Amino acid sequence: MKIDVFNHILTKKFNEKRLEIAPPALSSILAARLKAIPALWDLDVRFKIMDQFEDYVQVLTLANPPVEVLGGPEDALELARIGNDEMAELVHKYPDRFVAAVASVPLNNIEGALEEMDRAINELGLKGVQMFSPMKGRSLDHPDFLPVFEKIAEYDLPVLLHPARTFHFADYPAEDESQFDIWQIFGWPYDSSAAMTRLVLCGLFDKFPNLKIITHHLGGLVPYTEGRILEGFNKLAKTEKGKSLLDRLEKHPHDYFRMFYADTATNGSLAALECGVACFGVDRVLFATDMPFDSEGGPKFVRDTLSTISQMKASSEEKNKIYQENAKSLFKL
């Protein structure tokens, strides 16, 4: 079995509600995306794509943008509940297609997020939570979000960490918005890396050493910049301010980065995949494709990811861990 742990879907009632409450400009963008990527919402299209790949199944997550961007605290909670209900229904109805789903929770409504997490896991059987960073411009190391991490750690289920910047994040301060899709192509890996760093430096893993966070796109920039991380914090430790910061941690920051999990969504890059597996290790890498957000509307990312895994230098036992065993363990399948 090949368990795709990070792909995206739009369920019917969730999509209708988000188009209803989203700001008009955003709603227009989202409606255009629906026409361009039917596999997001049309199960027949999705199943035809999935049928192209043997033993291929999915763990469902709702598509970006996060519910916090779409509406205020109460609307975001309602959206999360609708989406979670519908994903749970899909898992129940199509167990041979969808082995699990991951909950959406409104981080602009912490009390609601905690209640919805309990409901989604205990009543609906969902197997973790998806969190976006930044959260409307805020870092996930803000104390407001600590109870969410604490609760998911108690459940011993994973956080799926997804980047969330938009074209409104300008490439340079003198500009109004990003150009040439830089916000996504390079900005999203940066966002993941920045979020990971902030979570490390706030001592999150000291508080919750068994916390499991799966980082999208194979940990962003972290595998490629592993040497800079090690040497950068070594240099920082030689300053008075840096030493004071690092002395609060039980380990060197470099060691905490290896406590994250990462997925194989490298958009078909074998070099990136092997770099990430070398960084995190085969026990902390999970098969994922980012389907259906590719240039073909779904099949390309699955096909290319399977191809890169088949080519990577690893034993069949190691590839089996990546394909299914690590997912079975983390999601308690």
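Me: Which residues lie nearest the centre of the largest pocket?
Reply: W183, Q184, I185, W188 and H217 do. They belong to a lining of 46 residues. Keep in mind that this is a predicted model.

Me: Which elements give two or more residues to that lining?
Reply: α2 (24–36), α4 (67–70), α8 (182–185), α9, α11 (216–219) and α15. α2 gives the most, with 5 residues.

Me: How much space lies in the largest pocket?
Reply: About 1,400 Å³.

Me: And its lining by class?
Reply: The lining has 29 nonpolar, 11 polar and 6 charged residues.

Me: What volume does the second largest pocket have?
Reply: About 320 Å³. Its lining has 13 residues, and L10, T11, K12, W41 and L43 are the closest to the centre.

Me: Which helix gives the most there?
Reply: α5, with 4 residues. α1 (12–21) and α5 (73–93) each supply at least two. By class, this lining has 7 nonpolar, 2 polar and 4 charged residues.

Me: New topic. Which residues of helix α12 are buried?
Reply: E226, I229 and F233, in a helix that runs over residues 226–236. Their arc around the axis is only 55 degrees, which puts them on the same side of α12.

Me: What covers the buried residues of α12?
Reply: The cover includes α9 (187–201), α13 (240–246), α14 (253–257) and α15 (270–280).

Me: Which exposed residues sit on the face turned away?
Reply: G227, R228 and K235 are on that face of α12.

Conventions: Residues numbered from 1 in each chain as written. Predicted model: local features only at pLDDT ≥ 70, side-chain atom pairs only at ≥ 80, totals over all residues. Heavy atoms only, no water. Buried < 20%, exposed > 50% of the residue type's maximum accessible area, 1.4 Å probe, protein only. Arc of directions from axis to C-beta. Contact = heavy atoms within 4.5 Å. 1 Å grid on protein atoms, 1.4 Å probe; cavity = no way out; pocket = protein on both sides within 12 Å on 5 of 7 lines; lining within 4 Å. Points joined across faces, edges and corners; volume = space filled by probe spheres on them. Nonpolar A, V, L, I, M, F, W, Y, C, P; charged D, E, K, R; others polar.
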